[in-house]
Structures are given as structure tokens and as C-alpha cells.
Amino acid sequence: MLRKVAEGVPIHQSEFLQTNTVVVQGRAGVLVIDPGVRGDEMVCLANDLSDLGRTVVAGFSTHPHWDHLLWHASLGVAPRYGTARCAATVRDRLSDARAKARIAELIPPDIVEQVPLDMLGLITGLPAETKQIPWDGPQIRIIEHQAHAPGHAALLIEERGVLVAGDLLSDVLIPLLDLNDTADPIEAYLAALRLLEDAADDVDVVVPGHGSIGGADQVRARIEQDRAYVHALRHAGVPGEPRVGPSATYDWLPGVHERQLEHLARRRERDGTPG
Ligand SMILES: [Zn+2]
């Protein structure tokens, strides 16, 4: 089930929303980034890794959304990390007794039974400003920003030229702004894209949290496409945007696009600012 995108970096794509799990080979074992969605897929991943003689020595969640916070016992008991802000958000959102029931309501009914929530969000926050994932393997730079979700991290596996973009730079999803946690969601998103652009020269492969893997030529193209969408949102314009047009991969995306427009219009009215 694993496909190699760079030396020592196999990935697995889940059927649900084309969710990508990235595995990075280290000296003593592997790091698993955003482990997947369905229990049977995570078991299959664990089996494939054990057939290859690889132990999971660490996990990482790119951001505090349920589909990036899952884990399965078969993957073992390695420490699982996220940014400090990601971990704090998870703690906060999972703190009450009803939390998991609320999360279950977010999961599409056709797969909810197959999504194991028992180990959801058991992550350790790395100290704020941590620049690298602490592990015995290729250096992985943490590019933290506040687009899409609090403490969202893109990861740059420098020696392998792989950018793990989390929920940015997707070819199937439009930029989904974090409309609740930031004072200026548009600016937060644009700032994140600038950070990724600064790293783009070192990238040969871009792996979005959802969607298809892109080559070197795709990195800047996707940054531009996301930026154009966010600019269009700011000016309440209609983006010439295939991801929400008639050829959209997901038919619910045009609705999400409309909701983002409405939310931002309300915000402008409330704040009396041009956006
Ligand atoms: Zn997300």
C-alpha cells in the first residue's frame, strides 16, 4: 500500500478525501505523519511497516483537525507530536466528556464506524518555536503558521526535498480558512503561503494533506493558485477556480466556498474594515 515519493519517504493515500500519510525512514525506525483515517488502513500501514522491519519511533500531527489526529494501537506507543499551539487546541477541544461524540458528528456517516477515536489527539506539544522534529532521522524543519488551523505545521524534509504541506497546497481542496481562531484569517493564510514560498527552492515533491502529490513544478503553481483564491475571497470576487467549478472533485466545496465568502462579508461589516 506504500508508494515511494522520495528516497526513504513512502506515503499512503487513504480513500477518504485523498488523505495522505507520510512515512519518513530514520536510523532506528520511522516517523509517521498524519497516520490516516480508517482503522483498517492504519492496521495495514502498521503491517506493511513491520513486514519491512520498521518500527514506528515517532508520530506527528500537522494540525488539530480530527482526520490528522488519529492513531491505531497497531502502530505502537511511540511519542506523537504536534506544535505547542496544536496540542493546546486539541487539549481544549477534547477536554469535556461530550468531545468525542461531537467529533463523531463531523465524520461522514458512511465511514464513522470505521474511524477509531480511542487514541484520538494523544499528542505532545513540542516547545513553542521548536524548529525541528526531535528524532533520530533526516532533519525535518517545522514551518508553523496560523492558516487553516491553530498551530498548523508544514514540514520540510530538507535532505529529501519533500514538503509535507498539511492542509495547504491541495489540488482538490480550496484553501479552508481558520475563521474562528485568528483575528485576520486572510492575512494569516497569505503569511503561511509566503513561508512556504521561502522554502520552495528546496522542494522537489509536495505532499498535501488531501489530494495528489506534486512535483517541483507544482510547488510554486499551487502556492500561486491558493494565493489567487485567497485574494479573490478578500475582494469577494468569484475566483476562476477549478476546485469549486463544475469540474470540482468534491461537490460540497462550492458550498464551503459560499460560506467562507459570507463569513468574511459579515466580519467586514462587523469590523467596518475593507477586509
Ligand atoms: Zn484540516
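Entry 1. I began with the crossing of α4 and α5, which is left-handed. The model is a predicted one. I then looked up the geometry: α4 (residues 185–199) and α5 (residues 216–234) pack at an angle of about 165°, and their axes are 10 Å apart. Angles over 145 degrees count as roughly antiparallel, so α4 is roughly antiparallel to α5.

Next I listed the residues in contact. From α4 they are Ile186, Glu187, Tyr189, Leu190, Leu193, Arg194, Leu196 and Glu197. From α5 they are Arg220, Ile223, Glu224, Asp226, Arg227, Val230, His231, Leu233 and Arg234. By class, this contact of α4 with α5 has eight nonpolar residues, one polar and eight charged.

Entry 2. I moved on to α5 and α6, which pack at about 45° with axes 9 Å apart. The two helices are therefore oblique to each other. On the α5 side I noted Tyr229, Leu233 and Arg234. On the α6 side I noted His257, Gln260, Leu261, Leu264 and Arg268. The residues of the contact of α5 with α6 divide into four nonpolar, two polar and two charged.

Entry 3. Helices α2 (84–93), α3 (99–106) and α6 (253–271) each supply at least two residues of the lining. I recorded the lining of the largest pocket as 19 nonpolar, seven polar and seven charged residues.

Key:
Residues are numbered from 1 along each chain as its sequence is written. This is a predicted model: local features need pLDDT of at least 70, side-chain atom pairs count only at pLDDT 80 or more; totals for chains, interfaces and linings use all residues. Side-chain values use heavy atoms; hydrogens and water are left out. Axes are lines fitted to C-alpha atoms, for helices over the stretch in contact, and angles run from 0 to 180 degrees between N-to-C directions. Helices (H or I, at least four residues) and strands (E, at least two) are DSSP runs, numbered from the N terminus. Angles under 35 degrees count as roughly parallel, over 145 as roughly antiparallel, 65 to 115 as roughly perpendicular and the rest as oblique. A crossing is left-handed if the near helix is turned anticlockwise from the far one by less than a right angle, and right-handed if clockwise. Contact means heavy atoms within 4.5 Å. Ala, Val, Leu, Ile, Met, Phe, Trp, Tyr, Cys and Pro count as nonpolar, Asp, Glu, Lys and Arg as charged, and the others, Gly among them, as polar.
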